[in-house]
Amino acid sequence: MQFEPRRDARRLTMIAFAALVSAFNIRSFVRSAGLFPGGFSGLTLLLQSIFQTYLGISLPYTLVNLLLNAVPAAISFHFIGRKFTLLSCAYLVLSSVLVDLIPGVTLTNNSLLLSVFGGIIGGFAVSVCLNADATSGGTDFISIALSERRGIDAFNFVLAGNVVMLCVAGLLFGWERALYSIVYQFTSTQVIHALFTRYQKQTLLIVTGNPQRVYDVIRESTHHAATLFRGEGLYEQEERFMIYSVVSRAEARDLVRKVRAVDPQAFINSIRTQSLTGRFYQRPND
């Protein structure tokens, strides 16, 4: 585990900010509307509601959330990355403690507004955490481990778990709260999808007269390979080369800028990739 003081300080700052936003969102939006977000945070709130309503026992959010995340965190530490897991645990601890400490603010009593805007804020907080190369814990630990180690898309498993949780919530506390929770989860997912692009792929088709210089940029910037096609530009009747490479969406914009710097005449077609099979270099989590 290698420490990089400046980068790690920036990551910790982002994680602390994300934890504060997440805690505020839970206190002021999620609890105000009685929502159950996806993942272990939603399960924590569900368990709190069950114990409070049916047993008269008030469970602290911090205790329940950290206990639920203990096993996934251990899996992440062993299979994904030590620094990645430690930073994710820092988010978990800080966000959990803040949920128990900071006061909630009543902004509106409209459940639909709370669900939509709570989803937006919650998705933003998770995206900040993910872009700091950490995670909000729980199902994210499991999803990343299965994706990177086994090549398994865990989305359906996570979705099934959320469905079960919402069904239990609907049966115990009313279907209106469960349905509003679906609105929250959908909104949050869309925000994360828009703001976190590491696992989304982009295909670059680069027509250039300097293929080696362009590929050097691709290799040095992303560590991805490329395929070279030789052809002829029909307008000018000159030899041309097309480089085909697939990179992550997070890398694509910066890579296009660097390619334009080494070859201002390059013609670049950037296409969103929906599905990809085969070897693809994914920068490992630290």
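Modeller: Let's start with the cysteines: a disulfide is a pair of cysteine sulfur atoms within 2.5 Å. This is a predicted model, and by that rule the count comes to 0 disulfides.

Biologist: How do you know that C129 is in no disulfide?

Modeller: The nearest cysteine sulfur to that of C129 belongs to C89, and it is 11 Å away. The cut-off is 2.5 Å, so C129 is in no disulfide.

Biologist: Why is C129 called buried?

Modeller: The relative accessibility of C129 is 0%, and buried means under 20%. C129 therefore counts as buried.

Biologist: And what makes C167 partly exposed?

Modeller: C167 has a relative accessible area of 36%. Partly exposed lies between the 20% limit for buried and the 50% limit for exposed, so C167 belongs in that class.

Biologist: Let's turn to the strands. Where does T203 lie, and why is it called buried?

Modeller: T203 lies in strand 1, residues 201-208. Its relative accessible area is 9%, and the limit for buried is 20%, so T203 is buried.

Biologist: What makes the pair T203 and T273 a polar contact?

Modeller: Their side chains are joined at 2.5 Å, and a polar contact needs N or O atoms within 3.5 Å, one able to donate a hydrogen and the other to accept it. The pair therefore qualifies. T273 is also one of the residues that T203 touches, along with Y244, S245, V246, N269, S270 and I271, leaving aside residues up to four places away in sequence.

Biologist: What makes a set of residues a nonpolar core?

Modeller: The members must be buried residues of the listed types, Ala to Cys, joined through side-chain atoms within 4.5 Å. The largest such core here has 19 residues, and I26, V30, F36, L45 and L46 touch the most other members. Helix 1 (5-33), helix 2 (39-55), helix 4 (82-101) and helix 7 (155-173) each give two or more residues to this core. Helix 1 gives the most, with 5 residues.

Biologist: Which residues does V30 touch, not counting those up to four places away in sequence?

Modeller: V30 touches N25, L35, P37, L45 and Y184. There is also a second, separate core of 11 residues, which includes L204, V217, V247 and L255.

Biologist: How do you know that the span of helix 8 is close to the one expected?

Modeller: Helix 8, residues 175-195, has 21 residues. The expected span is 1.5 Å times one less than the number of residues, which comes to 30 Å here. From first C-alpha to last, helix 8 reaches 30 Å, so the span is close to the expected one.

Biologist: Which residues of helix 8 are buried, and why does A194 count as exposed?

Modeller: The buried ones are A178, S181, Y184, Q185, T187, S188 and V191. A194 is in helix 8 too, but its relative accessibility is 56%, and exposed means over 50%. A194 therefore counts as exposed.

Terms used. Residues are numbered from 1 along each chain as its sequence is written. This is a predicted model: local features need pLDDT of at least 70, side-chain atom pairs count only at pLDDT 80 or more; totals for chains, interfaces and linings use all residues. Side-chain values use heavy atoms; hydrogens and water are left out. Helices (H or I, at least four residues) and strands (E, at least two) are DSSP runs, numbered from the N terminus. Buried means under 20% relative accessible area, exposed over 50%, partly exposed in between (1.4 Å probe, protein chains only). Contact means heavy atoms within 4.5 Å.
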